[in-house]
Amino acid sequence: MQSSEQSESRRQLLKWLAASPLLAFPGLAGLAAQTPARAPQKLPDPMLWAPADLQDLITKPGDAINVFDFEPVARRNVPPAHFGYMASGIDDEVTLRANREGFLKFQLRPRRLVDVSKVDMSVDILGARYATPIVVAPIGGHRAYHEGGEAAVARAARAGNHLMILSTQSTTSPEDVMAARGGPIWYQLYATNKWEVTRAFLARAERAGCPVVAVTVDRNGGRNQETLFRLQRTDTRTCSACHDRSSLTATYDGRPMYEGVDLSGLSNIQSSAMTWDTIKRIRDTTRMKVVLKGILAHEDAELAVKAGVDAIVVSNHGARSEDSGRATIDALPEIVEQVRGRMPVLVDSGFRRGTDIAKALCLGATAVCVGRPYYLGPGRVRPARRRAGARPVAHGAPRHHAAGWRAVDQTPRAGHGAPGLTAWTEETRKDAICRADWGFSSPSYWWP
Ligand code: GLV
């Protein structure tokens, strides 16, 4: 490549990065401006006529054009450490980017002249019918983002009849979340390495009425969340005012799932000792159906079928477990092929647009779980005072959760119409997608 072209490409890359909703790094804009432009200039093709302007924040949920519009607002209004917790991936965040870029490897193959004015998005998941295949993924600590917490999210899930999966790290009790959802929710389990703790969590969830436990199988070690660590350093609040880290018991004091649970002997809540025997033990202990969350290889999908597991979630934990570099949309086909319809296959990590969801469904997913976007939706759209030492008090009402949620929810209809399908039948959906035959290469202005 000519050096002038390289320079222009670099400038365009920096401009693109600065405008990207995925990268809230305003400094890039200045860097792009400083990069000398040399003739002859090559304009990007296609031109970005209306790139997102990170300075021009939406002021009310209804103004959001897409879910990415919530992200810079949350970055501005949510305390840096809390935003960092939500946004962080692992190490170089290769997986975080791969989760988004993976969708580029697949193309929809639309069929025309099909009446898509009425579509049926409903789906059966383990015996319950939901209006859409979009599931509220389990993420912990909702109250750090909105005072309405998990109950507010549950009300939004109720409005759209979405399946909701409640995290062990919930800041609201499963009983209250269930009441707000107005129906059964699934429970996500961090089993830890202590069976008594596992058993206590299972008993609580079962008593609360959860019909399904989704066992997280991908958190078995510590993690290097550099985005979180860097943003933590910029947070001027005194974290210890809210977070007592003097012991594991103190850390989880006040988290409803941990009430009355003896954590002695544990130094963390990860499940480094978990094996297929643990899964059998869980199955033998609870009446809840058992789902494994975090499966990424077809060999494990087969073992899950053989272990009598009821469903799996293809998940890399939103790129928060290990920096494998592999997107879940890439892992999905080998797993669907292996499972051959013997159990539902859900998927999560990086889903932001209706077409992302449509692609996963075309590839054979039963449903798609969405997480971070509904952290971004809650309140916080109105520019907030950010004071040193201020508690993360949210504005407004739970409807903001619904707004963040709706922005995800609306798109599938368009995405659904896009492949020309009226329902997700086995016969039609596999023809509605193909692997990009040009392999994966980004537009030239992405990579200089
Ligand atoms: C919780 O699931 C986390 O990744 O922090």
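What share of the 448 residues in the protein chain do buried residues make up? Buried residues make up 44% of them, where buried means that 20 or more other C-beta atoms lie within 10 Å of a residue's own, exposed means 12 or fewer, and partly exposed is in between, with C-beta atoms placed from the backbone. This is a predicted model, in which local features need pLDDT of at least 70, side-chain atom pairs count only at pLDDT 80 or more, and totals for chains, interfaces and linings use all residues. Residues are numbered from 1 along each chain as its sequence is written.

**Overall make-up**

- The protein chain has 17 helices and 12 strands; helices (H or I, at least four residues) and strands (E, at least two) are DSSP runs, numbered from the N terminus.
- Of the contacts in the protein chain with a separation of 6 or more, 73% are between residues 24 or more positions apart; two residues are in contact if their C-beta atoms, placed from the backbone, lie within 7 Å.

**The sheet**

- Eight strands form an open sheet in the order β4-β11-β10-β9-β8-β7-β6-β5, and their pairing is parallel; two strands pair if DSSP finds at least two bridges between them.
- The edges belong to β4 (134-136) and β5 (165-166), each of which has a single partner strand, so one side of each has no neighbour in the sheet.

**The nonpolar core**

- The largest nonpolar core contains 99 residues; such a core is a set of buried Ala, Val, Leu, Ile, Met, Phe, Trp, Tyr and Cys residues joined through C-beta atoms within 7 Å.
- The residues with the most contacts inside this core are I165, V213, V215, V291, I312 and V368.
- Leaving aside neighbours within four places in sequence, V291 is in contact with V212, V213, A214, V215, V309, D310, A311, I312 and V313.

**Helices and their packing**

- Which residues of helix α5 (residues 94-101) are buried? They are T95, L96, A98 and N99.
- These residues lie on the same side of α5, because they cover an arc of only 165° around the axis; the arc is that of the directions from the helix axis to the C-beta atoms.
- The cover over the buried residues of α5 includes α13 (328-339).
- In helix α6 (residues 149-159) you will find A151, which counts as buried because it has 21 C-beta neighbours inside 10 Å.
- Not counting residues up to four places away in sequence, A151 touches T172, D176, V177 and A180.
- A151 and D176 are 25 residues apart in sequence, and their C-alpha atoms are 6.7 Å apart in space.

**The ligand surroundings**

- I139, G140, H317 and R320 are the residues around the ligand, meaning that the C-beta atom of each, placed from the backbone, lies within 6 Å of it.
- By class, this shell has 1 nonpolar, 2 polar and 1 charged residues; Ala, Val, Leu, Ile, Met, Phe, Trp, Tyr, Cys and Pro count as nonpolar, Asp, Glu, Lys and Arg as charged, and the others, Gly among them, as polar.
- H317 lies in the loop between β9 (311-314) and α13, and H317 is buried, with 23 other C-beta atoms within 10 Å.
- H317 also has a positive phi of about 65°, although it is not a glycine.

**Other loop residues to look at**

- S349, in the loop between β10 and α14 (354-362), is another non-glycine residue with a positive phi, near 95°.
- S349 counts as buried because it has 31 C-beta neighbours inside 10 Å.
- A cis peptide bond runs from D45 to P46, with omega near 5°, and P46 sits in the loop between α2 (27-34) and α3 (70-77).
- D253 and H243 are 10 residues apart along the chain, and their C-alpha atoms are separated by 9.5 Å.
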